[in-house]
Amino acid sequence: MIFRKAHLYLYVFSVAFSYAILYPLFYFFSRKTSRYKYMNALRRVWGFVSSGLVGIFYNFKVEQPIDWSKTYIICPNHTSNLDITAMSIFVKTNNCCFMGKQELADFFVTALFFRTVDVPVDRASKIASFRAFKTVMERLAQGITTIIFPEATIPDTYPPQLKDFKNGPFRMAIELKLPIIPVTSLNTWQILWDDGLKHGSRPGICDIFVHKPIETAHLTIDDADALRDEVHAIISQKLAEHDHRRTNR
């Protein structure tokens with residue numbers, strides 16, 4: 001645990017220090033929406049470097065090649081702050097954004113993003129939530145791929161268990177006839193659970209499985225719950241397969 005705590009401090013320092021160095025560029029790119037694509041490209045580099053400096057790397061296995069000329073709603077499970085970095089690195093279009101909790105608009109290394117390119121949502125307020133989802137719908141209609149964690153938060157239990165999914169991303173996908181990409185983060189919680197404050201962190205390889213896109217053009221809004229449950233089942237099954245292989249090694 002002493003090593004894990006020490007590693008966490010190194011990781012936090014790596015993230016904060018590299019962000020501080022890159023901040024002038026991030027700020028410049030954040031001043032105009034036409035520059036957001038450069039902000040996302042730099043965020044990808046920042047995520048790779050800040051993790052790599054402390055021995056954290058990402059291994060992506062893709063079930064089917066992704067056509068990044070299309071617009072998607074990407075739905076990963078969420079067990080670690082590393083999941084955000086993983087998606088920043090994985091998504092190969094710079095025309096993208098995250099939807100995340102309102103608190104991210106106040107954190108040192110995420111505030112600039114969630115006040116510009118990304119969309120914060122205050123789930124405690126129905127009006128604020130409605131406005132946030134309306135903003136995301138507008139972004140998607142403009143061809144901006146959006147990453148939404150459908151659990152809405154990291155599970156409180158350790159080891160984490162997959163929580164129920166919110167309906168929002170699935171209703172939006174159907175309304176806009178956009179494909180959904182389920183993503184299973186298999187072991188990021190073992191490298192760094194949540195923000196790492198309780199169990200620290202360690203070097204390692206985060207294994208991310210990207211499932212094939214699910215088309216929604218043939219669905220109606222009445223199918224939203226079924227689509228939600230389908231994506232939940234896909235991720236749940238992959239997690240179960242991974243846990244089974246790990247316990248039988």
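In this predicted model, Phe133, Val136, Met137, Leu140 and Ala141 of helix 5 meet Gly168, Pro169, Met172, Glu175 and Leu176 of helix 6. The axes of the two helices lie 11 Å apart and form an angle of about 40°, and since angles under 35 degrees count as roughly parallel and those from 65 to 115 as roughly perpendicular, helix 5 and helix 6 are therefore oblique to each other. The crossing in which helix 5 passes helix 6 is right-handed.

Helix 5 comprises the 16 residues 126-141, which at 1.5 Å a residue should span 22 Å, and the distance of 22 Å between its end C-alpha atoms agrees with this. Its buried residues are Ser129, Ala132, Phe133, Val136, Arg139 and Leu140, and they cover an arc of only 115° around the axis, so they fall on the same side of helix 5. On the other side, Ile127, Phe130, Arg131 and Ala141 are exposed. After helix 5 comes glycine 143, with a positive phi near 90°.

| Element | Residues |
|---|---|
| Strand 2 | 73-76 |
| Strand 3 | 96-101 |
| Strand 5 | 145-148 |
| Helix 6 | 168-176 |

Strand 4 is also among the elements they pack against. In the loop between helix 4 (111-114) and strand 4 (119-121) lies threonine 116, which counts as buried because its relative accessibility is 10%, under the 20% cut-off. Leaving aside residues up to four places away in sequence, threonine 116 touches Ser30, Arg31, Tyr36, Met39 and Arg139.

Key
Residues numbered from 1 in each chain as written. Predicted model: local features only at pLDDT ≥ 70, side-chain atom pairs only at ≥ 80, totals over all residues. Heavy atoms only, no water. Helix = DSSP H or I, 4+ residues; strand = E, 2+ residues; numbered from the N terminus. Buried < 20%, exposed > 50% of the residue type's maximum accessible area, 1.4 Å probe, protein only. Contact = heavy atoms within 4.5 Å. Expected span 1.5 Å × (residues − 1). Arc of directions from axis to C-beta. Axes fitted to C-alpha atoms, helices over the stretch in contact; angles between N-to-C directions. Parallel < 35°, antiparallel > 145°, perpendicular 65-115°, else oblique. Left-handed = near helix turned anticlockwise from the far one by under 90°.
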